[in-house]
Amino acid sequence: MTDSRNYMNFRAHYYDKVGFRGVEEKKSLQILLNEDPVDIEKLVTFCLRFPLPVMYRPHVWKLVLGIVPPHPESYEFVMQQRSQQYDDLRHTLKVTESIDEGTSMSMAFLKMFLLQEGRLPMDDSNLPQNKEQESFVTIATAVNDIFHEDVDAYWVTIRIYSYLCKVKGLVGNMIKQFQMLLQKQNSQLYEHLQSRGALDKLPYDSWFHDIFAGVLPTGALERIWDRLMGRACHVLVYVALIIVVTFRQRILSFGRADDIVQFLNKIPPDNAEVIVNEAIDLWEKNGSQTKPEVT
């Protein structure tokens with residue numbers, strides 16, 4: 001039985017690596033995308049339950065995030081408008097010398113977003129100025145690694161950021177759920193973190209505000225964000241749990257809270273795929289994949 005399960009896990013992991021887990025799932029997604037109009041709620045449910053094929057990920061994300069409309073005949077026109085707005089924002093910042101060729105794309109995105117929102121300060125040399133803006137930059141950096149087109153990356157960044165603002169009120173509950181699950185999963189580890197004063201200092205901001213951008217490498221991050229497209233923000237709790245449990249021996253060897261937090265802020269990339277696989281498996285076993293958590 002163990003050998004059979006290991007084989008199934010290996011096969012599922014292989015399909016994830018090449019872009020899709022099963023032919024039937026790929027066909028189902030193709031049918032959804034060929035509808036006119038595309039049923040966004042069905043697409044959200046697909047993201048909630050299945051991994052996205054790599055070749056379809058950019059288009060699905062843009063549909064779910066509302067960057068492109070569900071009517072295929074309007075897609076090209078809307079993207080032209082998005083591109084024009086992007087170009088106008090970037091041009092304005094160049095003319096005012098707010099950005100230049102040396103400005104990172106993520107910082108340029110932040111200034112463009114603030115300009116778009118009418119919130120760009122007269123003196124923007126000290127950006128980012130707060131935790132929200134820092135999160136925006138961190139997420140923008142990750143999105144730029146995922147999307148090859150700058151226009152797509154910009155709009156995906158601001159829509160993900162907007163989603164995170166919407167679920168911000170759930171973060172406190174997510175922290176409590178993480179601590180409860182950790183105590184149940186590994187009481188020794190929980191007590192160690194508590195006794196070292198680290199339990200309340202863990203990198204919750206990086207986990208739940210920055211949604212693991214900068215913590216996980218891009219390949220693993222994409223698969224977690226696929227589930228976020230299914231409006232399942234609590235999957236992040238299980239990723240955090242599996243990270244801590246996976247590195248329990250290292251964590252138990254640390255005597256200072258600062259050392260624990262520093263280690264967990266950026267995990268070794270070699271472990272990322274296994275962590276994501278186990279986190280999603282545990283999340284699904286708990287029945288959390290049955291419906292979107294945020295609408």
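Which residues of α4 are buried, and which helices do they pack against?

Analyst: This is a predicted model, in which local features need pLDDT of at least 70 and side-chain atom pairs count only at pLDDT 80 or more, while totals for chains, interfaces and linings use all residues. Residues are numbered from 1 along each chain as its sequence is written, and side-chain values use heavy atoms, with hydrogens and water left out.

The setting comes first. The protein has 16 helices and zero strands (helices are DSSP runs of H or I with at least four residues, strands are runs of E with at least two, and numbering starts from the N terminus). Of its 295 residues, 49% are buried (buried means under 20% relative accessible area, exposed over 50%, and partly exposed in between, with a 1.4 Å probe and protein chains only). Between residues at least 6 apart in sequence, 68% of contacts join residues at least 24 apart (contact means heavy atoms within 4.5 Å).

Helix α4 spans residues 57-64, and six of its eight residues are buried, which leaves the helix mostly covered. Those buried residues are R57, V60, W61, K62, L63 and V64. They pack against six helices: α2 (23-34), α3 (40-49), α5 (75-95), α7 (131-146), α8 (150-167) and α12 (218-229). After α4 comes G66, which has a positive phi near 80°.

W61 is in contact with W225, a residue of α12. In soluble globular proteins, nonpolar side chains tend to be buried together.

Two packed helices are described by the angle between their axes and the distance between the axes. The axes of α7 and α12 come within 10 Å and cross at roughly 100° (axes are lines fitted to C-alpha atoms, for helices over the stretch in contact, with angles from 0 to 180 degrees between N-to-C directions). The pair is therefore roughly perpendicular (65 to 115 degrees counts as roughly perpendicular, under 35 as roughly parallel, over 145 as roughly antiparallel and the rest as oblique). From α7, I139, A142, V143, D145 and I146 meet T218, L221, E222 and W225 of α12. This contact of α7 with α12 has six nonpolar, one polar and two charged residues (Ala, Val, Leu, Ile, Met, Phe, Trp, Tyr, Cys and Pro count as nonpolar, Asp, Glu, Lys and Arg as charged, and the others, Gly among them, as polar).

Most residues other than glycine have a negative phi, and most peptide bonds are trans. Between α2 and α3, the loop holds P37, and the peptide bond from D36 to P37 is cis, with omega near 5°. A cis peptide bond also joins L127 and P128, with omega about 0°; P128 is in the loop between α6 (105-116) and α7.

E97, in the loop between α5 and α6, has a phi of about 60° and counts as exposed at 71% relative accessibility. F212, in the loop between α11 (204-209) and α12, has a phi near 70°. With a relative accessible area of 0%, F212 is buried.

Technical notes:
Lists of a residue's contacts leave out its neighbours within four places in sequence.
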